[in-house]
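Here is a friendly walk through the model, from its confidence values to its sheet, its helices and its core. Keep the viewer open as you read.

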Amino acid sequence: MNKIIFFAQIRELIGVGKLELSVEQMSINQLLDHLSLRGDKWVLALKEKTVLCAVNQTLVDYDYVIKKGDEIAFFPPVTGG
């Protein structure tokens, strides 16, 4: 099983803070596609190239292959000034 956590505007838009799914052997890109099947709000919240992804609290690329027990977190890009 994998824990998937959503932060900030992503969580607000989809109305979900976390999920537990078995998604090992998927890439992050495949996971995004899989989650987007849940509906329009999910598609909008998880647009590729607009969300950052961390696995086990380390930023990863969309081609990272998820392993059993990995914790995946999605969050919007950080802006500052």
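Confidence in this predicted model is lowest in α3, at a mean of 94, and highest in β1, at 98. The score is pLDDT, the predictor's confidence in each residue, on a scale from 0 to 100. For the protein, the mean pLDDT is 93, and 95% of the residues reach 70 or more. Where pLDDT is low, the predicted coordinates should not be read in detail. Because the model is predicted, local features need pLDDT of at least 70 and side-chain atom pairs count only at pLDDT 80 or more, while totals for chains, interfaces and linings use all residues. Residues are numbered from 1 along each chain as its sequence is written, and side-chain values use heavy atoms, with hydrogens and water left out.

**The sheet**

Helices (H or I, at least four residues) and strands (E, at least two) are DSSP runs, numbered from the N terminus. Five strands form an open sheet in the order β2-β1-β5-β3-β4, with mixed pairing. The edges are β2 and β4 (58-59), each with a single partner strand, so one side of each has no neighbour in the sheet. Two strands count as paired if DSSP finds at least two bridges between them.

| Strands | Sense | Bridges | Opposite residues |
|---|---|---|---|
| β1 and β2 | antiparallel | four | Ile-4 and Leu-19 |
| β1 and β5 | parallel | four | Phe-6 and Phe-74 |
| β3 and β5 | antiparallel | four | Cys-53 and Phe-74 |

Asn-2 also has a bridge partner in β2, namely Leu-21. Buried means under 20% relative accessible area, exposed over 50%, and partly exposed in between (1.4 Å probe, protein chains only). Four of the five residues of β1 are buried, so this strand is largely enclosed by the rest of the structure. In β2, Leu-19 and Leu-21 make up a covered face, whereas Lys-18 and Glu-20 make up an uncovered one.

**The helix across the strands**

Helix α2 (residues 28-36) lies across β1, β2, β3 and β5, and runs at about 70 degrees to β5. That angle is taken between N-to-C directions, from 0 to 180 degrees, with axes fitted to C-alpha atoms, for helices over the stretch in contact. Which residues of α2 are buried? They are Ile-28, Leu-31, Leu-32, Leu-35 and Ser-36. Seen down the helix axis, these buried residues fall within an arc of 135 degrees, so they line one face of α2. The arc is that of the directions from the axis to the C-beta atoms. Their packing partners are β1 (2-6), β2 (18-21), α3 (40-45), β3 (52-55) and β5 (71-75).

**The core**

A nonpolar core is a set of buried Ala, Val, Leu, Ile, Met, Phe, Trp, Tyr and Cys residues joined through side-chain atoms within 4.5 Å. The largest one holds 23 residues, and among those that touch the most other members are Ile-4, Phe-6, Ile-28, Leu-35 and Ile-72. Two or more residues come from each of β1, α1, β2, α2, α3, β3 and β5, and α2 gives the most, with four. Contact means heavy atoms within 4.5 Å. Leaving aside neighbours within four places in sequence, Ile-72 has contacts including Ile-4, Val-23, Ile-28, Leu-31 and Val-55.

Ala-8 lies in helix α1 (residues 8-14) and is partly exposed, with a relative accessible area of 29%. Ala-8 and Pro-76 are 68 residues apart in sequence and 7.1 Å apart in space, C-alpha to C-alpha.
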